[in-house]
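Subject: Structure handover

Hello,

Here is the structure I promised to pass on. Please open it first, then read my notes alongside it.

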Amino acid sequence: MDYKVKEGRRTRVHKMYVGVVVHVTDEGRVDPLVVCWPDGRTFRIDEVLYRGQPGQMQKGAKTTRYHVRFGRHETDLYLEHREGSPAIGIPETDRWWVYAEDITLEGKEQAVEK
């Protein structure tokens with residue numbers, strides 16, 4: 001279970017994988033352009049405010065954090081790179097994810113996508 005503090009309020013969050021349209025420059029830099037939610041909504045990224053370096057390998061993956069802006073809303077978008085294992089047929093993968101808030105209503109937990 002993960003928690004984030006936003007605007008002085010502590011909320012429970014979960015990792016949600018999303019589709020992302022990217023532009024790869026001739027130098028190999030990856031620039032995210034659009035985030036595609038599982039329900040079909042899309043959000044154009046107006047600006048990449050911060051692009052981190054891939055972190056240490058944890059649980060078989062290296063993660064890079066991008067801090068992005070959609071209009072007046074800022075959030076973190078993560079690129080997770082998993083090494084493959086060709087000997088047993090597992091391919092290398094790159095997946096994008098965000099933290100989505102869990103909202104609790106009268107003791108019943110219900111995940112809400114933001």
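Aromatic pairs first. The model is predicted, and the count of aromatic pairs in it comes to six. One of them joins W37 and F43 in an edge-to-face arrangement. Their ring centres are 6.1 Å apart, with 85 degrees between the planes. W37 is buried, at a relative accessible area of 11%. F43 has 30% and counts as partly exposed. That value falls between the limits of 20% for buried and 50% for exposed. Together with F70, W37 and F43 make up one aromatic cluster.

Another pair is Y78 with W97, and this one is stacked. Here the centre-to-centre distance is 4.2 Å and the planes are 15 degrees apart. Y78 belongs to strand β7 and W97 to strand β8, so the pair ties together parts that lie 19 residues apart in sequence. Both partners are covered: Y78 is buried at 10% relative accessible area, and W97 is buried at 5%.

Next, the overall layout. The protein chain has nine strands and zero helices. Read from the N terminus, the order of elements is β-β-β-β-β-β-β-β-β. The chain has 114 residues, and 26% of them are buried. Its accessible surface is about 8200 Å², with 49% of that belonging to carbon and sulfur atoms. On contacts: take those in the chain with a separation of 6 or more, and 31% of them link residues 24 or more positions apart.

Strand β1 (residues 2-6) pairs with β2 in the antiparallel sense, over five bridges. Within that pairing, V5 stands opposite R10 of β2. The two strands form a hairpin with two residues between them. E7 sits in that turn and has a positive phi of about 55 degrees. β2 then goes on to β3: they run antiparallel and are joined by six bridges. This is a hairpin too, with five residues between the strands. In its turn, G28 has a positive phi of about 95 degrees.

D31 lies in strand β3, residues 30-36. The bridge partner of D31 is H23. Is D31 buried or exposed? D31 is buried, because its relative accessible area is 12% and the limit for buried is under 20%. The side chain of D31 makes a polar contact of 2.9 Å with the side chain of R29. Leaving out residues up to four places away in sequence, D31 touches V21, V22, H23, T25 and R51.

On to the nonpolar core. The largest one holds 14 residues. Which of its members touch the most other members? They are V18, L77 and W96. The elements that contribute two or more residues to this core are β2 (9-24), β6 (61-70), β7 (73-82) and β8 (93-105). L77 is worth a look on its own. Beyond its neighbours within four places in sequence, L77 is in contact with V18, V20, P32, V35, I45, T64, R65, Y66, V68, W96, W97 and V98.

E80 sits in strand β7 and counts as buried, at 3% relative accessibility. What joins the side chain of E80 to that of K15? A polar contact of 3.2 Å does. Setting aside neighbours within four places in sequence, E80 is in contact with K15, Y17, A61, K62, T63, T93, D94, R95 and W97.

Last, G55. Its place is in the loop between β5 (47-51) and β6. G55 is partly exposed, with a relative accessible area of 30%. Not counting residues up to four places away in sequence, G55 touches K62 and T63. E80 contacts K62 and T63 as well. The C-alpha atoms of G55 and E80 are 9.7 Å apart, while the residues are 25 positions apart along the chain.

Best wishes

Terms used
Residues numbered from 1 in each chain as written. Predicted model: local features only at pLDDT ≥ 70, side-chain atom pairs only at ≥ 80, totals over all residues. Heavy atoms only, no water. Core = buried A, V, L, I, M, F, W, Y, C linked by side-chain atoms within 4.5 Å. Buried < 20%, exposed > 50% of the residue type's maximum accessible area, 1.4 Å probe, protein only. Helix = DSSP H or I, 4+ residues; strand = E, 2+ residues; numbered from the N terminus. Contact = heavy atoms within 4.5 Å. Polar contact = N/O pair within 3.5 Å; in protein donor to acceptor, adjacent residues only side chain to side chain. Areas by Shrake-Rupley, 256 points an atom, 1.4 Å probe, with all protein chains shown as cover. Pairing = 2+ DSSP bridges. Phe/Tyr/Trp six-rings, centres within 6.5 Å; stacked < 30°, edge-to-face > 60°.
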